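Grab a pencil and let's work through a few exercises together. Try each task yourself before you read its solution.

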Amino acid sequence: MKSPRHAAASGLMSLSLLLACIPQAQAETLKVPADTRLFLTTQEELVGKKGAIIEGQRVRAQIWKDVVVEGRTIIRAGTPAMVKVDFFKRNKIAGRKGKITLGAYEVEATDGSALELTGGYYKQGSGRIFLTSALAGIVFLPLIFIKGGKAKLPEGTVFDAFTARSAEVDVPPLPSVAAPTDIDILEDDLLAAGLVRPDRAQGVPALSVEFLYSDMEKEEKPKAFPIEITAPAASTDTFTISHINGEPASGVKVEGVSAPVCGPWRCTYRASIAIKPLIKKFSPGLNTVRLGASDMPNLASDDVLVEVEI
């Protein structure tokens, strides 16, 4: 007769053998291209007063949102990143504003490997997509409103950077997905629920907005952001900016809404947002906006990144 100790040891050995026989999912190697764009956010405030900032100092920063390549997350939101102050100039007399440049250098991928970065806040990386002359003028427009102050970056400043070169990252295999089943639901029921169509359950927002930067390139001095709004067919044609950088906002209008082009579920509108009133409410770095529909308080877009760094 086996002792309790021998029986327990035998049981553990049997379990180990059983687990060893179960085929383990093999990681796949994903090639991450050079110049893959990612977004970072600072975790501390930087104020350019004497002795507070020096070039080369480390800045606490992390990945702002998941970095996804070919449907796989290669860097998770919240991952710390190596960021340094690359350039610092104090404010001068005669209204000259101070300036801080942050450089992004390295971040850890999901498999633990290090990815070298380039670019950063107010810094052009080798893979940077340069703005046209029309858009470049917008980047520095906020300096018209803020003169002669200390260079200051608040905590939570969002900026972009790029992978410096191609790399390989081990990722788990994609799970098998069962074939979708047909959704038997009436159009009226979807509209009554504030939805647009069955694929809403798959992450398609009921209200969406896109900034049409290519249209701005046609103007020498653009005064408004042209946008395209897609909304439920049952919605109104009156829209508003409900949030800026996640905070409730007011005073910035969505103007010039066109007649809709409608399908059975959704309508598409062209509209515009005046540049100056909007960027007066922006923070340094990249900013997000969220749109809502005036007659449907629960209908809102996802946060949309405005591709203008200030």
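**Exercise 1.** Find the disulfide and say how covered its two cysteines are.

*Solution.* Start with the sulfurs: Cys262 and Cys267 are joined by a disulfide, with 1.9 Å from S to S. That passes the cut-off, a pair of cysteine sulfur atoms within 2.5 Å. By this rule you get a count of one disulfide.

Now for the cover. Buried means under 20% relative accessible area, exposed means over 50%, and partly exposed is in between (1.4 Å probe, protein chains only). Cys267 has 3%, so it is buried. Cys262 has 46%, so it is partly exposed.

A quick word on the model: it is predicted, so local features need pLDDT of at least 70 and side-chain atom pairs count only at pLDDT 80 or more, while totals for chains, interfaces and linings use all residues. Residues are numbered from 1 along each chain as its sequence is written, and side-chain values use heavy atoms, leaving out hydrogens and water.

**Exercise 2.** Where is Asp295, and how far is its C-alpha atom from that of Ser235?

*Solution.* First, look in the loop between β19 (287-293) and β20 (296-300): that's where Asp295 is found. Strands here are DSSP runs (E, at least two residues), numbered from the N terminus. Then check its cover: Asp295 has 42% relative accessibility, so it counts as partly exposed. Last, the distance: Asp295 and Ser235 are 60 residues apart along the chain, and their C-alpha atoms are separated by 7.3 Å.

Key. Helices (H or I, at least four residues) and strands (E, at least two) are DSSP runs, numbered from the N terminus.
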